[in-house]
Amino acid sequence: MTEPSTSQATPQPSGQESVFASVDEVVERLAGAGYLASNAVATTVFLADRLGKPLLVEGPAGVGKTELARAMAAATDSELIRLQCYEGIDESRALYEWNHASQLLRITAAKDENWDATREHVFSEEFLLSRPLLTAIRNEHPTVLLIDEIDKADVEVEGLLLEVLGDFQVTVPELGTITATRRPLVVLTSNATRELSEALKRRCLFLHLDFPPAELERDIVTLRVPELDRELAASLVRVVGALRELELRKSPSIAESVDWARTLLALGAETLDEEVVRATLGVILKYETDQRKALSELRLDRVLSPTDGAATVAAGTASPGHVSPGSTVS
Amino acid sequence: MTAHAVAGRLVTFAHALREHGIAVGTGETVDAAAAAEAVGFADRERLREALSASVLRGAAQRPVFDGVFDLYFPAAHGTSETTVDEPATPAQLRDQLLDALVSGDDARVRALAATGIDLFGGYGAAGQSGQGGQGAPGGEGGQGGEGAQGNAGAAGGSGSAAPRLSGWSAYQALSEVRPQALRARLRDAIREARDDGLDGASAEALADREATAGIAAFTDHVRAEARRRTAELRGRDRVAQYAVAPQTDLVSFTSATAEQFADMRRAAAPLSRKLATRLAARRRRATRGRIDLRRTVRRSLGTGGVPMRPVMRRRRPGRPELVLLCDLSGSVAGFAQFTLLLTQALSDQFSKVRSFAFVSRTDEITELVRAGRDEPEHLAERIVSEAALTKVGMSSDYDGALQTFADGWGDVLGPRTSVLVLGDGRTNGAPPNLTALREIAGRARHVYWLNPERESSWGTGDSEAYRYAREVPMFECRTIRQLSRLVTRLLPE
């Protein structure tokens, strides 16, 4: 940041080659990995690679945050190293840990060795248990480091990440400082259940992933469930889009659209008629109140709507197998 | 643009963002420049994404960012962002809009919005009422702006006396084009075009929703276009000050529109999650650090009297009872409604939440609010119609309200109860009934008053805010941001 002019000569401070040459190439290669990237996603991924900054992806559950990291790894032929965060995760789970048990065994085994030699040996690579962050930094092959659900971790972990993500180095007191030989591409995901610290956010590129526009989602569904009829996919995406407009407790996500598509395929549904929607609504809406609301908004709750009723009656009178009109209106 | 001009534009852009409450430091501006350089200026949408990635810190900032971006990096100067073969009358424009919306061609919709502004949106000396034939002066005005764009601020900013246009009005254009008139036709056309398995009422409902959304999108485009052109005419820094809508958490409760309230309701659930984690974290911290001497000594017996592992004193998790007392009259209702939803969503942080509402008398609404969690749209209206809040009229009477609460529900208050009073303290001339408030304050553990009015207008007119503030602590609570800060500060201790 102090020497902005250097960014032109060497895009990355470590002098590492960028993986992607242009935004279009990002789109292409992510598509090759089975991820259809919107303009925003492609541009931000391109920048993350070019500027060597971590990428913070925020958004509701199920819009493909983790999937993006996976696709980036596949597109760049990198190894994906994943750190799943949870409440109470600490240094020894995220960074490294000494293998105490083995160290003790080593010490007891070497009874007559002098202490200096033992110490030398005990604090060597052999007894260092490398956790995801250190693994990613030491990896000599191209790496995508995924730090998943960072908002679940405690604030202290963010402090730890500042060093790792700022300089891509880790200091182990007994061994010295380990610096990344290759800078990994870093992706952090967050569901925004809590505010991340300003310091961490400032070091990252921010990307908000939201539900995609209809065409893109249709393409995603077709890509994931290729056997599904294209028209059916289109009407499925339409219904999901309409549901997202409602004020629901949990809006259906892309993952749920794909699930729904699989369900329809498994049921062998040809079209998305009201019967099918009503029967399978549970796949996309997970709260009972949401379902009730969706049914009433999409007017699926009535067994027979007045117009349908009239039509049935008309058909009933016309058909040879005559049924009395009164009995059809149940 | 030369490198210098680009840097200058980025810096003024950052300034404009700062003025709208997005903290953009020098570091971010430098990052933005690096990002812009990497992506290039050829593709405007990519430039937009690149800048947003390096500058923004949260999704809530995005609409503000987009508004400011459109002002500072317009797609084109002058007449329109994208040109179309011009329709000349509102009817023609509507027809073309219909086609564009049915085929889902967003670029085309945007172009039509530009055309609409072009033909009917100009006002001032020339474009009084832009009926078809008078479209031409509007176009010229725009081109004039293009010629003078270098110092548009100087030329147009001072120019109420300027002979040409003095601005572009989205309102005027929209009332001419009347996109709402399309709704029924659009719905039918969409039904026609999207031929899928759904039929009958539900297909109707679906198409209806899509038609509404399409028209809303068009309206937004028209507004954005009008803003952009007015910016050219008057200087963008001035327009940026008022033309970009503020972030949801900075919208004042008392002046929010229906749409803004819908946004707020959507923000309530994530906000409550955030507040809950914050409260839980604080409670966790509060249990650290105090040693329980007796138990530490007892445990040390196992290690020969050496206290190897100290025992911390465990605090009882304090889960207070919360009582909300809400003014639901007139303009305060929106604020009360939001707060009710928020506390309902936070209810697992309290051992009990009870809600009361009043206009001129108080009634309990706990059940109504609980049910309202699933259908938050018309909560305030439902409460007003279903609970007995008033004998006559809809103007608030704090005298009667506080009295009925103190008389009827005095027993809900206890040493573990925190009371939040939500209201503006405007008594409509009735006595403030400080005695009842004192009685409430005496029984409860805490009473806090949250006032949705600006502190400078407390005590003006019929407001008794200062007299109430002397009895119980009163806080200004005009926006979601203030509310969430207060909730964390005041609640579970």
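Predicted model: local features only at pLDDT ≥ 70, side-chain atom pairs only at ≥ 80, totals over all residues.

Reply: Happy to! As a reminder, a disulfide is a covalent bond between the sulfur atoms of two cysteines. B:C326 counts as buried because its relative accessibility is 0%, under the 20% cut-off. B:C477 is buried too, with a relative accessible area of 0%.

Now for the nonpolar interior. In soluble globular proteins, nonpolar side chains tend to be buried together. Here the largest nonpolar core has 57 residues, and those touching the most other members are A:L133, A:I147, A:I150, A:L188, B:F13 and B:L51. Let's zoom in on B:F13. If we set aside its neighbours within four places in sequence, B:F13 is in contact with B:L51, B:F65, B:V68, B:F69, B:Y72 and B:F73. A second, separate core has 44 residues, including B:L324, B:F338, B:I365 and B:I480.

Over all chains, the count of aromatic pairs is 15. One of them joins B:F69 and B:F73, with ring centres 5.1 Å apart and 25 degrees between the planes, which makes the pair stacked. B:F69 has 0% relative accessibility, so it counts as buried. B:F73 has 7%, so it is buried as well.

Compare that with another ring pair in chain B. The centres of B:Y398 and B:Y468 lie 5.9 Å apart and their planes meet at 40 degrees, so this pair is tilted. It links distant parts of the chain: B:Y398 belongs to helix α18 (residues 398-408) and B:Y468 to helix α20 (residues 465-471), 70 residues apart. Both B:Y398 and B:Y468 are buried.

Chain A has its own details. A ring there meets a charge: the charged end of A:R244 sits over the ring of A:F211, 4.1 Å from its centre. In helix α4 (residues 65-75) of chain A, the buried residues are A:K65, A:L68, A:A69, A:A71, A:M72, A:A73 and A:A75. An α-helix has 3.6 residues a turn, so residues three or four places apart point the same way. Just after α4 of chain A, A:D77 takes a positive phi of about 55 degrees.

Notes:
Residues numbered from 1 in each chain as written. Chains lettered and ligands numbered in written order. Heavy atoms only, no water. Phe/Tyr/Trp six-rings, centres within 6.5 Å; stacked < 30°, edge-to-face > 60°. Buried < 20%, exposed > 50% of the residue type's maximum accessible area, 1.4 Å probe, protein only. Helix = DSSP H or I, 4+ residues; strand = E, 2+ residues; numbered from the N terminus. Lys NZ or Arg CZ within 6 Å of the ring centre and 35° of its normal. Core = buried A, V, L, I, M, F, W, Y, C linked by side-chain atoms within 4.5 Å. Contact = heavy atoms within 4.5 Å.
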